[in-house]
Amino acid sequence: MTDSQIDHRRERLSAFLDREGLDAAWFGTPNSFSWLTGGSNVVDRDADVGVAAAGYVQDRGFVVVTDNIEAARLADEAVPEAVDVESGPWYESSLAAAGARATPGSGGADFDVPGLDSLDASQLRRPLSPGDVERYRELGRAVATAVERVAVELHPDDTEREVAAGLRVALATRGIESPVVLVGGAERAQSYRHCTPSGAELGGYALLSVTAERGGLYASATRTVAFEGAPDWLDERHHAAMRVEATAVEATRTAAVSGDRKSEGGDGRGTAGDVFDAIVDAYDDLGESGEWRAHHQGGAAGFAGREWIATPDGDERVDAPMAYAYNPTVRGAKSEDTVLISDGDAAVLTRTGNWPTRTVSSCTGAFTMERHAIHRPGGT
């Protein structure tokens, strides 16, 4: 992490502790540990809490607590010099107990620490800092490059599992983890909204979707590849999904300035519910009423695949600068990218410039954006 990112975390956490009357805040979940330190506390990927907790303690600064197994590696490779690393014998204490001991008075944590309050780390991670935004731009390009390089080499007789393996390798070579990799061939993509890869061949077309992570930040993207024999309706449904996505981005850009509903705090920003209302209206306008019920529509991204998901009563604030990943589906078709909303602008992060695009309008007609179209090998 850069000095400016460290300063950003310090300012945000100091204000939070003052506001809440706390002396320390601790983060043991992997995404929040990465937000605070820029490093990873993951050894066992099945664990909800990592092998170390990062904290900010008033009048002291940044501290990481862990055991003697992890301390040297974390200090050398995972956390900035500005962070003190404390450790104890692995057999004497738990991570929760270490965090409690390092808290001089009252505190909060995003994992279970006896005697400390529970805190919502997602709210602290939003909006993004300027340093986060720059890293996001790099991540978005890298994710799109990995996905597209696999997608352009596909053949109808490839299996979903083979394609998924290729995606994971392409991401891993760029230092990117792949918590979500979905590959749906023509038959399964029409039946399921989440196509976990199977041994089925792709057939007439394929949907490739990933949610990928590097340095704690998450980016999502979907690409569609159509072969000879792809269904005639694919273009129309894909176009409809693109227009729903454009409408969601437009609504998010508007809500980041002001919205119909007011978020708590009275700052005039709109909410996730405002965006959801626009999405439902878009499906209605496109003759696909109720299609939103078959699949969630996405929402804010950042230091989680989704910091929140747009729902009918969602009261989460729409922040800027912030990344958003919407993923509308229309009966076998899907459109999805990660978009940065900042200063009234909407910029697609997961793009390379090498994939075919199409200019689409939102359903209000007041907003247009370039969306990733269907790739047809050899122009078929």
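Q: What makes the nonpolar surface patch of about 400 Å²?
A: Ile69, Trp90 and Tyr91 make this patch. Patch residues have over 30% relative accessible area and no salt bridge, and nonpolar side chains (Val, Leu, Ile, Met, Phe, Trp, Tyr) are joined within 5 Å, like charges within 9 Å. A salt bridge is a side-chain nitrogen of Lys or Arg within 4 Å of a carboxyl oxygen of Asp or Glu. Areas come from the Shrake-Rupley method with a 1.4 Å probe, and for residues only the protein chains shown count as cover. The model is predicted: local features need pLDDT of at least 70, side-chain atom pairs need 80 or more, and totals for chains, interfaces and linings use all residues. Residues are numbered from 1 along each chain as its sequence is written, and side-chain values use heavy atoms, without hydrogens and water.

Q: Why does Tyr91 count as exposed?
A: Its relative accessibility is 57%. Exposed means over 50%, buried under 20%, partly exposed in between. So Tyr91 counts as exposed. Tyr91 sits in the loop between strand 4 (84–88) and helix 4 (95–101). Helices (H or I, at least four residues) and strands (E, at least two) are DSSP runs, numbered from the N terminus.

Q: How many aromatic pairs does the structure hold?
A: It holds 7. Rings of Phe, Tyr and Trp (its six-membered ring) pair if their centres lie within 6.5 Å; planes under 30 degrees apart are stacked, over 60 edge-to-face, the rest tilted.

Q: Why is the pair of Phe276 and Trp292 called edge-to-face?
A: The centres are 5.1 Å apart and the planes stand at 90°. Phe276 lies in helix 10 (residues 272–285) and Trp292 in the loop between helix 10 and strand 10 (298–301), so the pair ties together parts 16 residues apart in sequence.

Q: Why is the pair of Tyr324 and Tyr326 called stacked?
A: Their ring centres are 6.3 Å apart and their planes are at 5°, so the pair is stacked. Ring pairs also link Trp308, Tyr324 and Tyr326 into a cluster.

Q: Why does Tyr324 count as buried?
A: Its relative accessibility is 2%, so Tyr324 counts as buried. Tyr326 is buried too, with 1%.

Q: How do you know that the radius of gyration agrees with a compact globule?
A: The rule is 2.2 Å times the number of residues to the power 0.38, over C-alpha atoms. For 380 residues a compact globule would have a value near 21 Å; the protein has 22 Å, which agrees.

Notes
Buried < 20%, exposed > 50% of the residue type's maximum accessible area, 1.4 Å probe, protein only.
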